[in-house]
Amino acid sequence: MDAISVIRTKRDRGELSPEQIDWVIDAYTRGEVADEQMSALAMAILLNGMNRTEIARWTAAMIASGERMDFHTLSRPTTDKHSTGGVGDKITLPLAPLVAACGAAVPQLSGRGLGHTGGTLDKLESVPGWRAHLSNAEMLDVLDTTGAVICAAGDGLAPADKKLYALRDVTGTVEAIPLIASSIMSKKIAEGTGALVLDVKVGSGAFMKTIEDARELASTMVALGTDSGVRTVALLTDMATPLGLTAGNALEVRESVEVLAGGGPKDVVDLTLALAREMLDAAGLKDADPEKALADGSAMDVWRRMISAQGGDPDAELPVAREQHVVTAPSSGVLTRLDAYDVGVAAWRLGAGRARKEDPVQAGAGVELHAKPGDVVTEGQPLLTLHTDTPEKFGYALEALPGSYDIAPAGTPFTATPVVRERIA
Ligand code: URA
């Protein structure tokens with residue numbers, strides 16, 4: 001077997017054999033296949049695709065490159081959620097403790113943000129003292145004692161994906177559906193969850209800009225999960241506008257705590273409850289009542305225990321950015337569009353996100369929204385507040401915003417896009 005013949009097969013639109021796939025993933029992980037060879041293969045896959053048989057084998061080979069976790073010692077059924085990433089997507093924060101409060105165990109191995117989408121670990125690190133990196137034994141202990149754990153995936157989980165994802169990031173090959181599906185599912189299957197709910201985002205702020213692409217990604221991942229014995233369901237959810245009223249690390253933690261306290265923006269609450277119901281159903285806990293667990297404070301109790309178990313202080317003041325800049329409405333009328341991608345880019349430029357994996361993020365930086373599509377606004381009222389510790393970034397962030405919203409004359413009819421657009425099982 002050699003790398004050139006594998007690349008040629010896919011370059012010429014052929015089907016990769018199971019032996020070719022197993023060999024190339026293993027040899028790449030060991031350093032025998034060079035980065036430039038894997039880049040060429042990833043580009044051939046992006047251009048020519050892979051069929052379901054190839055994707056399943058590719059995923060299995062990436063799982064086999066590392067360890068598999070085992071939660072069989074837990075007394076509760078395990079259920080997890082994965083989001084393909086969006087702007088203001090803080091749902092994991094209220095969702096994991098909520099589902100745990102309803103009787104399931106939630107092992108959330110999460111990542112950091114790159115580009116305009118935020119990362120769950122960056123958000124939680126704005127809680128003073130909170131630790132993202134746990135050993136496998138510590139992770140199991142937090143999960144066992146609190147019902148939920150949100151932490152960084154260890155280096156042993158799908159190392160082939162770690163290497164390949166970093167390569168795709170710098171070679172323009174992230175957007176290939178077979179590679180996204182196998183990347184996400186290799187980590188989730190290796191993690192050992194019994195049930196999985198996929199939140200596949202659609203719209204300007206998401207990887208998938210069209211409903212057709214989102215459907216294809218979702219059905220590919222559902223098939224991979226189901227064939228591996230993981231009960232898997234996907235919701236296609238709107239990411240044309242940011243979720244909730246905040247994008248940025250500490251800003252999003254604050255909003256998540258509001259949800260756990262029984263308040264918070266309606267779209268965040270609705271999506272949290274929709275995903276919670278799916279996770280509990282998939283775990284076989286059909287009688288659980290997540291709405292009650294939000295209202296009676298039991299989800300908040302799990303949040304506090306989960307944060308404390310990882311060194312965080314749930315009562316500590318969250319960081320606030322040193323400087324603010326308010327963007328006002330240029331006219332009166334109905335806000336008909338507020339673009340998720342542009343708000344994400346502005347938050348990122350203010351310091352909430354990073355351009356390279358090793359860059360630090362600012363805990364307080366981000367964008368606060370004062371209106372959402374469908375709201376009536378008055379000329380001069382605050383539309384957005386930009387937050388940063390480094391005010392020299394305001395100009396660059398503001399450059400992302402002209403054209404990011406539309407205000408139509410008062411009385412213009414507006415039809416809201418539902419947060420949950422489709423379900424694929
Ligand atoms: N998230 C992942 O884990 N992998 C991808 O390829 C894209 C998003």
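Predicted model: local features only at pLDDT ≥ 70, side-chain atom pairs only at ≥ 80, totals over all residues.
## The shell around the ligand

Seven names make up the surroundings of the ligand: Tyr165, Arg168, Ile180, Ser183, Ile184, Lys187 and Phe207. By class, the shell divides into four nonpolar residues, one polar and two charged.

Two helices each supply at least two residues of this shell: α8, spanning 159-169, and α9, spanning 177-191. The top contributor is α9, which gives four residues.

## Polar contacts and cover

For Arg168, an N or O atom of the side chain is 2.9 Å from an oxygen atom of the ligand. For Lys187, the distance from a polar side-chain atom to a ligand oxygen atom is 2.5 Å.

How much of the ligand's accessible area does the protein cover? On its own, the ligand has 240 Å² of accessible area, and the protein covers 90% of that.

## The α5 and α12 pair

Elsewhere, two helices cross. Helix α5 holds residues 92-101, and helix α12 holds residues 266-282. Their axes come within 10 Å and cross at roughly 40°.

Is the pair parallel or oblique? Angles under 35 degrees count as roughly parallel, and 65 to 115 as roughly perpendicular. The crossing is at roughly 40°, so α5 and α12 are oblique to each other. The crossing also has a hand: α5 passes α12 in a right-handed sense.

Definitions and conventions. Residues numbered from 1 in each chain as written. Heavy atoms only, no water. Near = heavy atom within 4 Å. Polar contact = N/O pair within 3.5 Å; in protein donor to acceptor, adjacent residues only side chain to side chain. Areas by Shrake-Rupley, 256 points an atom, 1.4 Å probe, with all protein chains shown as cover. Nonpolar A, V, L, I, M, F, W, Y, C, P; charged D, E, K, R; others polar. Axes fitted to C-alpha atoms, helices over the stretch in contact; angles between N-to-C directions. Parallel < 35°, antiparallel > 145°, perpendicular 65-115°, else oblique. Left-handed = near helix turned anticlockwise from the far one by under 90°.
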